[in-house]
Every structure is written in C-alpha cells, then in structure tokens.
Amino acid sequence: MLYTLIGNSSTPFAICQCAWFPWKLHNRASSSQVASHSRAAAAAAANSFMDSLTELAAVGGENLPAKYIHPDGINGGKDPFLLPFIDIPVIDVGHFTTPSTDTGKELEKLRAALSSYGCLLIINHGVESLLLDKVRTVFKQFLALPKEQKLECWTEGFQGYGSDPLVTDVMVHDWSHRLRLITCPEEMRQMKYWPENPKNFKEVLHEYSTKLQVLHDVMLKAMAKSLKLDESVFLRMIGEPVIMSARFNFYPPCPRPDQVLGLKPHSDGTVITFLLQDKEVEGLQVLKDGQWFRVPVIPDALVLNAGEHLEILSNGEFKSLYHRGMVDSERERVSLAVLSLSNPQSGVEPIEELVNEERPSLYRKVIYEETTHFDYYKSGRTLIDDARV
Ligand SMILES: O=C(O)CCC(=O)C(=O)O
C-alpha cells in the first residue's frame with residue numbers, strides 16, 4: 001500500500017516545494033519532476049514517518065530522541081505552561097450576520113483585535129457545538145485506527161496523513177502528525193486521502209467545511225467594513241474560487257513539554273485561519289509585543305488568526321499572528337486549522353484604497369512562485385519579513 005501511495009504523481013513535488021500551497025500541487029507536478037524523485041528518497045520518507053509514529057507513541061521514555069529536542073528549551077528552561085494567558089478579544093459574529101445597533105461597535109472591536117493581536121475568539125459563529133464535537137471525535141477515531149489503516153492515507157505531499165517536510169537535516173522535528181485535506185473547491189479534493197474510517201469522517205468534514213465557507217465570507221466582509229472599505233474587497237482580491245484546506249493536528253503527550261514543540265513558531269501563509277482547539281487540553285501560544293502568551297481553551301469558540309496574506313492585503317492594518325503549538329506531558333491534544341488561501345495566479349499586494357502618501361505601500365506584491373512556506377519555517381523567518389519594503 002505504501003508504495004502505491006508513494007508512486008502517486010502528486011507527492012514528490014509536494015514534499016519539497018508546496019506543503020502549504022496546494023495550487024502548486026496541481027499546476028506544477030510535472031512528469032519530469034515525478035520521474036526525478038527517486039524511489040529511495042520516497043522509501044526514506046516513508047521509513048522516517050513510520051519511525052516517528054513509533055517515537056511519538058513511546059510516551060514516558062526519559063530519553064527522547066535528540067532530533068525532537070530544542071537544546072535551549074522552549075521557555076528559557078522554565079515551564080512554558082506558566083506563561084500568562086492572553087486577554088484575547090471575543091467577537092460575536094451574530095452582529096455581522098444580523099445587523100443591530102451594536103454592529104458598529106463590534107466592527108471597531110474586530111478592527112482593534114486584528115490590528116493589535118492578529119487573532120480573536122469568535123462566538124455565535126453558526127457552527128453548532130454538536131458539529132464541533134463530531135469534528136474532534138472523527139479525528140480521534142481516525143487516530144485510534146491500527147497503524148496500517150492510517151497509513152492508507154499516508155502521504156509525503158500536501159494532502160494526506162503524515163509529518164511536515166523537513167527542509168534541512170539539522171531542523172528540529174515537531175512532536176506532531178497532521179492530516180491535511182483540501183476541502184474546497186470540491187474539484188481540488190483528493191478523496192483517496194480522506195479516511196474511509198470512521199464511516200462518517202467525510203460527511204462530517206464536508207458539513208464543517210461548508211459552514212466555514214459561509215463564515216469565511218462573513219468575516220472577510222466584516223473586516224473590510226471595519227476598515228471602511230467596500231465589503232467585497234478582500235474576497236475580490238483573493239480571487240475565485242476560494243481555496244480552503246483542513247489541517248488536523250495531533251500532538252501525542254510528551255514527558256518534556258519544556259524541550260519539545262508540537263509546531264514550531266510560525267505565521268500562517270493564509271488569508272485567515274479558523275482554529276478549532278482541543279476541548280480540554282490547552283496548547284496554542286501566541287507572540288504579542290515580543291512576549292509569548294497562552295491561549296485559553298473555550299470549547300465552542302473558534303480562534304480566528306490573521307494570516308500573512310491578510311497582513312499584506314490590508315497594508316499592515318491587520319497583523320498576522322505568530323504562534324506555536326505546545327505539547328502536554330500527559331494528555332494527547334488535537335486541533336483543526338481550516339486555512340483560506342489567496343489566488344496563486346495573481347498573488348497579493350496591498351489594497352489600493354489603503355495606500356496613500358501618508359501610508360505608502362508597506363509590502364511588495366508577493367507572487368507565491370517565489371517563496372514557499374517551509375523555507376520560512378526552516379529559517380524562523382516569515383513571508384512578511386521578506387515582503388516588507
Ligand atoms: O494546534 C494549534 O493550536 C496550532 C495549530 C497551528 O498553528 C497550525 O495548524 O498551523
């Protein structure tokens with residue numbers, strides 16, 4: 001089974017270039033690239049993933065493999081779960097879907113949250129608590145399957161179950177696995193990577209993704225209005241169809257949360273990201289004004305992060321969120337990030353109305369052919385660092 005998957009035409013290019021940029025998978029995985037990806041390299045990737053399944057499951061071992069360890073510790077040697085909680089703004093989406101006398105105030109709150117935090121918690125967002133629970137449950141049921149069944153969805157490419165690519169040999173490994181699936185447009189879905197089990201996995205993800213498409217448009221329109229712009233401007237700029245992908249994260253417990261990271265610090269190469277957190281186990285940390293903070297778990301709220309594309313489009317009015325995923329010493333943690341991406345053909349640049357003499361364009365136009373998320377991930381830099389003029 002493994003070799004059938006490895007031989008799939010989309011995987012080879014994906015691992016080296018476009019882990020979080022699915023359009024490249026479709027546009028650029030040429031047959032010559034496929035041919036040049038040696039069977040030996042593919043087998044090595046498969047073995048490395050299987051090793052990681054074993055290593056991450058070996059909880060309690062005092063001797064963690066060195067490749068997961070951040071030698072200076074995560075929080076300067078102190079327990080990262082003693083960091084303070086962030087006072088993250090909470091936005092009631094009902095004020096945007098059903099305008100009221102308080103809508104103006106909520107828009108102002110939205111603008112302030114994105115300008116100073118780059119994230120917010122959203123409530124009354126139209127996704128029922130029951131569906132949120134189902135989403136978490138189907139992923140946990142997938143994780144509980146025997147290894148062989150999970151490996152049927154294994155991939156070294158963009159879509160499927162696996163680990164993020166390592167772009168250098170010396171890069172510290174993340175203490176996590178992920179299942180990534182493009183959810184819309186539907187033509188871009190690669191159904192062979194959608195788990196067959198549990199039986200309702202596909203239906204639940206489809207339902208969740210349909211709701212998030214609606215929410216996505218509501219939020220981008222509200223963001224535009226909060227900047228006194230035409231409500232459709234962000235949607236126009238990111239182009240049709242909106243590409244959304246789901247990234248389920250699994251963080252097994254680890255005895256040394258002070259030394260390993262579930263996900264290294266990064267900002268998302270997205271327009272916006274909706275993050276469904278684990279219902280009980282905390283793990284998201286965000287950087288604000290140079291200091292790391294913990295994000296509290298609020299079971300039915302979604303975290304909305306501004307991505308790098310939104311920062312560029314808004315000419316820096318909104319800040320992309322720099323964040324990381326922590327691991328718990330005793331309990332496993334899951335999360336689901338649903339990411340929206342801008343049109344790969346046109347790239348992104350600041351919206352004209354936000355550029356003037358007083359505030360010239362802060363970012364050059366970014367064409368994603370030039371850059372890849374993992375090149376930044378590797379170096380601890382961000383797309384924003386490079387796009388700033
Ligand atoms: O699990 C989390 O809380 C963070 C997830 C995340 O940052 C991501 O998927 O990009």
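1. Basis. Residues are numbered from 1 along each chain as its sequence is written. In this predicted model, local features need pLDDT of at least 70, side-chain atom pairs count only at pLDDT 80 or more, and totals for chains, interfaces and linings use all residues.

2. Ligand shell. Around the ligand sit Arg247, Asn249, Leu263, Asp268, Leu275, Gln277, Gly283, Leu284, His323, Gly325, Ser335 and Ala337 (C-beta atom, placed from the backbone, within 6 Å of the molecule). Strand 5 (243–251), strand 11 (323–325) and strand 12 (333–341) each give two or more residues to this shell.

3. Helix 5, length. Helix 5 covers residues 39–57 (helices are DSSP runs of H or I, at least four residues; strands are runs of E, at least two; both are numbered from the N terminus). Its 19 residues should span 27 Å at 1.5 Å a residue, and the end C-alpha atoms are 27 Å apart, which agrees. The expected span is 1.5 Å times one less than the number of residues.

4. Helix 5, faces. Ala42, Ala45, Ser52 and Leu56 are the buried residues of helix 5 (20 or more other C-beta atoms within 10 Å; exposed means 12 or fewer, partly exposed in between; C-beta atoms are placed from the backbone). On the other side of helix 5, the exposed residues include Arg39, Asn47 and Asp51.

5. Tryptophan 292. This residue is in strand 9 (residues 291–294). Tryptophan 292 is partly exposed, with 19 other C-beta atoms within 10 Å. Proline 80 is 212 residues from tryptophan 292 in sequence, but 8.9 Å from it in space, C-alpha to C-alpha.
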